[in-house]
Amino acid sequence: MGVAEHADVPPNPGWIPHLDMQFDNEDAAYAFYNSYAACVGFSVRKSKMWTTSKDVLAARTLVCSKQGFRQKKKGFEPKKPRPATRTGCSACMTIKITPSGRYRVTEFVPDHNHLLANPSTARLLRSHRAKVKERIAGDSGMPPDSSDKHQLKRRKAMPVGDAGAVLEYLQRMQVENPSFFYAVRVDGNDSIANFFWADAKSVMDYQYFGDVVCFDMTYKACDCGRPFALFVGVNNHKQMIIFGSALLYDESVESLRWLLDTFKDAMRGKQPKTVLTDQCMEITDALVAAWPRTTHRICVWHVYQNAMMHLNQVFEGSKTFAHDFGQCIFDCEEEEEFVYAWRAMIDKYDLDDNEWLAKLYEDRLTWALPYGKQVFCADIKSSLQKENLISLLKKHLSPQQELLPFFEHYDTLLNERRCLELQADAHAGQNILKVPPLRMLKQAANVYTPAVFKLFQNEFEMYMDCMVYHCGDAGTISDYKVIVDEKSREHFVRYDSSDSSIFCSCKKFESAGIQCRHVFKVLDYRNIKELPPRYILKRWRKDAKLGAVTDHHEYPSADSSKSLIANRDNDLCCIFSTLAARAAKTVESFTFIESQSELLLEQVEHILQTRTFEIPQLTIASSIQPRNLIESVVESLNHDNNTDTNVIISAANGILGF
């Protein structure tokens, strides 16, 4: 019988497998062995496999296609028996998982018991045909197995019935609430490609908290059946809020730019200061084109999700890797600390040869915390770590299920979160926090929501472990060096007495919007007992949603285009949504707004009939004549401590269609 011989080949050239060779994953091992087979003259197939209790591939044997013998089926005689192709060949390569998550060659049998094909014709064997098709396609300038290059841009096929279900939901929502916004993208083949939608409450939330947006595409890492993505942010209670939702059957750069432009239109032309996304070249290119004034960072939480997918074997094979990797990317805020922790992790788990981690480290400037401290991110990573909204909907996104039930669960999730926000608003407005008798803590407790005050208090209390050294003065500017006792790390603080401005090299305020312990130490050193107002961001205050949310718009008195009418409608929805949220807090304020609604509608009709912009003074059926409707409600709410949670929920769902 013929045996593979390599008389003209060096003892161990790089293309021949050998024991202890390592690969990142099974696919890499198969690709290598298949390339070797093409050079020698045989075809490859996958044979035995072993998995762990957690369904992770533990070992795999790759064999010659002539391995074994075809078994005859009892009681079955084919009319035209096929010729026997298997000869019981023993040539194979076996790989097994290592503690680092890579795969090592533990067995390699090079000898065959049959004649081998000429390497020049081996490309016609089964395991090599796909490579031939790719090469032919490359020579012709066309993508392999595709007559329409646009189809390659779509990473998800749209299941039958999805388009109709989505349109049914979107149209029903707009009938129920005319302020509901949705858009549909049609591709070059006149096929529906993508959907985007946002209701008026989401638009209103964006006006208050849209400075930082995370474009959540974790449906990839979560292995969701449908490409459901979210635009999310964080409110003044450190809760995740939804600004908009999308179904992305087409993820090309053109399609993603359409999505970003549509989101901006829905949010009345306002771009976020910072956008956090997944590691995706298409979304990066789309952001550069659509939102050039927005700072783009890779979301560190997305990095962790991707690591769980790419390093699955490492996560499953070690009880400590998840902790060490998470600590490295979430907790290291200084460059030296991050680099040291990363190197220690690589060495501990023997990951020097892991290509994905190597590429991730090369791109660290785009995602690692020490390199983005100057970018305001509202500490959104801590909120994302606590709750993944897409994972809560994952089981309803399976292609085997109809899409309409998913929207029911989506609406339920949205309503539940908004009820939690209303309850947090009520809690923040009524509860008086017990704090130590320190003026700065009392100041913070009065203005910040409880969730943000807790972060402030933790930072404030740690300033007592700091030591401060005066480095010198230059006019009104004073420089200080602050050392945290436990870490002996130096930070530099500069204070300007002319305008009470203060800056710290740790840049916590610039990134999270809450001052740091180093600043508190210097303020205490200078006997300053209250935080300058400029360092209390409104987005973290209890009254973050009070006051105007948009700049004043002057609209012409003549009949306007549909776009201007839509802008007016959105502006009014935001104004009255604020009023609705406040009025829902007590029975009295709810009843008051309800009693004035008919009067307000009559006066609006009068304005429309006379075509004048002079609004007559409201007549209030009360012994007290407030200055105006909104001010009166806000005043009453600020002094009323009796809140009925049921009224909050029912009013929030009932007023203005929310």
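**Reading a sheet and its cores**

User: In this predicted model, Cys 214 stands opposite Leu 276 in β11. How do strands pair in general?

Analyst: Strands of a sheet pair through backbone hydrogen bonds, either parallel or antiparallel. Here β8 (residues 212-216) and β11 pair in the parallel sense, over 3 bridges. β11 also runs parallel to β12 (residues 295-298), joined by 4 bridges. In that pair, Val 275 faces His 296.

User: Where is an antiparallel pair?

Analyst: Look at β9 (residues 228-234) and β10 (residues 240-248), with 7 bridges between them. Val 232 has Ile 242 in β10 as its bridge partner.

User: How do I read the two faces of a strand?

Analyst: In a regular strand the side chains alternate between the two faces of the sheet. In β11 (residues 274-277), Thr 274 and Leu 276 lie on one side, Val 275 and Thr 277 on the other. Are these four buried or exposed? All are buried, so both faces are covered.

User: How many residues does the largest nonpolar core have?

Analyst: It has 69 residues. Tyr 410 is among those with the most contacts inside it. Apart from that core lies another, of 33 residues, including Val 213 and Cys 280.

How values were computed. Residues numbered from 1 in each chain as written. Predicted model: local features only at pLDDT ≥ 70, side-chain atom pairs only at ≥ 80, totals over all residues. Heavy atoms only, no water. Core = buried A, V, L, I, M, F, W, Y, C linked by side-chain atoms within 4.5 Å. Buried < 20%, exposed > 50% of the residue type's maximum accessible area, 1.4 Å probe, protein only. Helix = DSSP H or I, 4+ residues; strand = E, 2+ residues; numbered from the N terminus. Pairing = 2+ DSSP bridges.
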